Amino acid sequence: MKKYILGLLLVLAGISVSLHAQGNEEIFAKFSSAFDLFKKGSFQNAGSEFALLYETWPESSLAPDSCFMAAQSYFNAGDYPTSYLYCVQFIQNYSDHPYIPDMKFQLGRIFFKTGRFKDAIIAFDDFLKAYPGSPLFASALFWKAESYYQLGDIARSFPLFNELKEKWPDSDKASLVSWRLNVMGLEAREAKFSRLMAYETEKAAQMEIGGMQKEALQEQQYIRVYYLLKALRARNELPGSSKLPLYVQYTPQNAPEVDSNLKSRLNKLNVLLEAKKRILELLLAKIDAYMREISP
């Protein structure tokens, strides 16, 4: 900024000599007053003074400088729409002026400041192609890269920042480039961590859902088995005392002597049925314990 003001002071000195020679001291006095406001940081008021000077004396030799300074003053004041108007007027009306590269650079900055990043990329790209030897080249490349970054196009912004770091390590944007690259590195790691966390969270949720489904299925199976065994127990309940052999339970008192082979078969069947009953009772006991455990 200081270099820029110094350059304008030199321009102003040259204009002063020219205007004094032409006898236009009133115009120069108003221009000097507006420029003093600019140097003091009163950019909005300076912009108004320069704009009035430009509109009042459009044919003056100082008109291009007034238009240029109006655009600069309003930009520094943050009044980007008004700065844009004077910037466009300067480019259209003074296409051969030596300040044209500065105004085209300024146009890209206005687009960036107003969030029109795609327009900013186009403006900076045109500037870079038209003025490869400009002292503003590195700055234009930086703002082009920054515009891509603001659009979320890391694939295009990252190589441009790296190019700035390698080719212009001593530019006025070097510290900003290093800072942006560090931020992008942190954001890349954070994005990777976020993706990993999302994956692990989804995986854990799926496992939890799968476990719940498995438990519900197992619970349904236990309930089915419970009712099945309950039905089997009711259907297979034997009358009389289970301590008596089957041939005694089912043989009439006045029946003849039971055949020894039949007696043996009945005894084996009795043992099998008793074993089945004990197994069923054990299963029912376990199912009852499980049902009490899961019941609210």
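I started with Ala34, which counts as buried because its relative accessibility is 0%. My cut-offs: buried means under 20% relative accessible area, exposed means over 50%, and partly exposed is in between, with a 1.4 Å probe and protein chains only. Ala34 sits in helix α2, residues 25-39. Helices here are DSSP runs of H or I with at least four residues, strands are runs of E with at least two, and numbering goes from the N terminus.

Before going on, some housekeeping. This is a predicted model, where local features need pLDDT of at least 70, side-chain atom pairs count only at pLDDT 80 or more, and totals for chains, interfaces and linings use all residues. Residues are numbered from 1 along each chain as its sequence is written, and side-chain values use heavy atoms, with hydrogens and water left out.

**Confidence.** pLDDT is the predictor's confidence in each residue, on a scale from 0 to 100. I noted a mean of 78 for the protein, with 73% of its residues at 70 or more. Residues 1-6 fall below 50, and I found 9 contacts from that stretch beyond near neighbours in sequence. Residues 15-23 are also below 50, with 10 such contacts. Contact means heavy atoms within 4.5 Å.

What does Ala34 touch, leaving aside neighbours within four places in sequence? I got Ala46, Glu49 and Phe50. I also checked Ala34 against Ala51, 17 residues along the chain: their C-alpha atoms are 9.7 Å apart. Phe38 is in helix α2 too, and I logged Phe38 as buried because its relative accessible area is 1%. From Phe38 to Ala77, 39 residues apart in the chain, the C-alpha separation is 9.9 Å.

**Ser73.** Next I looked at helix α4, residues 63-77, which holds Ser73. Ser73 comes out at 0% relative accessibility, so it counts as buried. Not counting residues up to four places away, Ser73 touches Phe38, Phe43, Ala46, Gly47 and Phe50.

**Core.** Which residues have the most contacts inside the largest nonpolar core? They are Phe50, Tyr86, Phe90 and Phe161, in a core of 58 residues. Helix α8, residues 137-150, gives the most to this core, with 9 residues. By nonpolar core I mean a set of buried Ala, Val, Leu, Ile, Met, Phe, Trp, Tyr and Cys residues joined through side-chain atoms within 4.5 Å.

**α3 against α5.** I took the axes of helix α3 (residues 43-56) and helix α5 (residues 80-93), which come within 13 Å and cross at roughly 35°. The contact is made by Ala51, Tyr54 and Glu55 of α3 with Tyr86, Gln89 and Asn93 of α5. I sorted these contact residues into 3 nonpolar, 2 polar and 1 charged. For that sorting, Ala, Val, Leu, Ile, Met, Phe, Trp, Tyr, Cys and Pro are nonpolar, Asp, Glu, Lys and Arg are charged, and the others, Gly among them, are polar. Axes are lines fitted to C-alpha atoms, for helices over the stretch in contact, and angles run from 0 to 180 degrees between N-to-C directions.

**Whole chain.** I counted 12 helices and 0 strands. Of the 296 residues, 33% are buried. Among contacts between residues at least 6 apart in sequence, 53% join residues at least 24 apart.
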